[in-house]
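I went through it topic by topic and wrote down what I found.

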Amino acid sequence: CCGGLYQAIGPGDVCCDDGNTASIGSGDACCGTTAYTDDDNTMCCGGIVVSQHINTMCCGGVVLSTVATTCCNGVSYATLSGYGCCGTSYEPENSTLCCVARNGIEQIISYTSPNAKSTANEKCCDITAIPSQLSCCNNRAYNPQLETCADRSTSTGTNCGTGVTCSIAQSNTAYCNRCNFPFTTRTCDSIDLLDSNRQICYNTRTVFTGFAFSYTVTELTPFTPYLVYVGVSNSAGGTISPETSLITAESIPVFVEPPTLTVISSTMIRIQWTSPLQPNGVITKYIVDRDGQEIVTLYDTTQYTD
């Protein structure tokens with residue numbers, strides 16, 4: 001099938017279909033609806049097949065020279081010594097910290113000077129800066145000398161939790177967001193969330209045993225994926241169905257920790273905060289109030305300079 005039609009595609013040809021128009025041409029790759037051979041001599045840039053030369057690149061749909069030019073996710077800058085990309089920004093590395101979340105979102109932490117960055121001695125915890133001596137538990141800082149992170153499954157995988165920390169004395173039972181997980185009698189594991197480049201923890205439990213064709217499960221967690229299957233048995237034995245998945249509805253975020261304030265000057269402070277420990281949905285905005293008055297609404301950052 002090519003463009004909704006059953007067509008002959010010969011050896012060395014490829015179907016290029018952009019959803020509106022389709023064409024068949026010679027090559028092994030598509031640039032829009034144009035077929036071309038993807039090699040060292042050609043490239044697709046801005047939907048157009050162009051000749052590729054040494055020291056050239058495609059940045060934001062424009063062919064540019066790599067000499068003295070840096071491309072940051074589609075935005076070009078004149079190359080400067082000591083600068084680096086953070087998302088689409090080009091920042092001085094000696095006075096900024098580029099933090100990258102597991103879903104790929106970047107956050108720039110800026111300092112007033114290289115000395116201020118050195119004095120702060122911070123590292124990234126997801127998209128938040130934390131003191132270097134602390135550890136990170138899914139976007140939450142904790143003291144590894146006193147606490148442990150319950151982000152692991154009983155089989156494989158880590159980073160599947162939501163930032164639950166437990167006493168260091170509970171290290172042997174800290175699994176899947178619980179400090180006292182009964183690992184001797186139950187198991188929990190992790191599954192990948194395809195749209196956010198992260199994992200979630202889950203554990204298996206029986207919610208109903210009997211003879212019926214429906215059952216209402218209560219006391220679930222908001223905005224949480226669940227896998228459900230049915231087991232059926234008779235006198236000869238039993239079997240289970242394939243799993244069906246769903247995500248519960250969103251609810252109000254809870255466990256919002258107070259912001260951190262850093263004095264920048266006599267008239268300026270930096271306000272930083274973290275995502276709610278239990279977002280219960282997709283966070284759409286943050287509202288910063290000062291003295292009871294709303295001063296700003298932010299949509300994709302967890303810091304503000306006032």
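**Entry 1: an asparagine and a cysteine**

I began with N121, which is partly exposed, with a relative accessible area of 44%; buried means under 20% relative accessible area, exposed over 50%, and partly exposed in between, with a 1.4 Å probe and protein chains only. The model I am reading is predicted, so local features need pLDDT of at least 70 and side-chain atom pairs count only at pLDDT 80 or more, while totals for chains, interfaces and linings use all residues. Residues are numbered from 1 along each chain as its sequence is written, and side-chain values use heavy atoms, with hydrogens and water left out.

I looked up N121 for its backbone: its phi is positive, about 50 degrees, although it is not a glycine. I placed N121 in the loop between α1 (114–120) and β15 (122–125), where helices (H or I, at least four residues) and strands (E, at least two) are DSSP runs numbered from the N terminus.

C176 also went into this entry, with a positive phi near 45 degrees in a residue other than glycine. C176 lies in the loop between β20 (165–167) and β21 (188–193), and I noted it as buried because its relative accessible area is 6%.

**Entry 2: salt bridges**

How many salt bridges does the structure hold? I found two, taking a salt bridge as a side-chain nitrogen of Lys or Arg within 4 Å of a carboxyl oxygen of Asp or Glu.

In one of them the side chains of E257 and R140 meet at 3.9 Å, N to O. E257 sits in the loop between β26 (244–247) and β27 (260–265) and R140 in the loop between β17 (135–136) and β18 (141–142), so this pair ties together parts that are 117 residues apart in sequence. I recorded E257 as partly exposed at 33% relative accessibility, and R140 as partly exposed too, with a relative accessible area of 24%.

The side chains of D306 and R290 also meet in a salt bridge, at 2.5 Å, N to O. This pair links distant parts of the chain, with D306 in the segment after β31 (303–305) and R290 in strand β29, 16 residues apart. Here D306 counts as partly exposed at 25% relative accessibility, and R290 is partly exposed with a relative accessible area of 39%.

**Entry 3: aromatic rings**

I then searched the whole structure for aromatic pairs and found six; rings of Phe, Tyr and Trp (its six-membered ring) pair if their centres lie within 6.5 Å, and planes under 30 degrees apart count as stacked, over 60 as edge-to-face and the rest as tilted.

Among them is the edge-to-face pair of F211 and F213, at 5.7 Å centre to centre with 70 degrees between the planes, and both of these residues are exposed. I also noted W273 and Y286, a tilted pair at 5.7 Å centre to centre with 55 degrees between the planes. That pair links distant parts of the chain, W273 lying in the loop between β28 (268–272) and β29 (286–290) and Y286 in strand β29, 13 residues apart. Are W273 and Y286 buried or exposed? I have both of them down as buried. Ring pairs also link Y77, Y83 and Y90 into a cluster.

**Entry 4: surface patches**

For patches I took residues with over 30% relative accessible area and no salt bridge, joining like charges within 9 Å and nonpolar side chains (Val, Leu, Ile, Met, Phe, Trp, Tyr) within 5 Å.

V207, F208, Y215, V217 and L220 make a nonpolar surface patch of about 390 Å².

D28, D38, D39 and D40 form a negative surface patch, where Asp and Glu count as negative. I placed D40 in the loop between β4 (34–36) and β5 (42–45), and D40 is exposed, with a relative accessible area of 66%.

**Entry 5: residues across loops**

Last, I checked S81, found in the loop between β10 (75–78) and β11 (83–86) and exposed, with a relative accessible area of 76%. S81 and P92 are eleven residues apart in sequence and 8.6 Å apart in space, C-alpha to C-alpha.

Methods: Accessible areas come from the Shrake-Rupley method with a 1.4 Å probe; for residues, only the protein chains shown count as cover. The place of a charge is taken as NZ of Lys, CZ of Arg, CG of Asp or CD of Glu.
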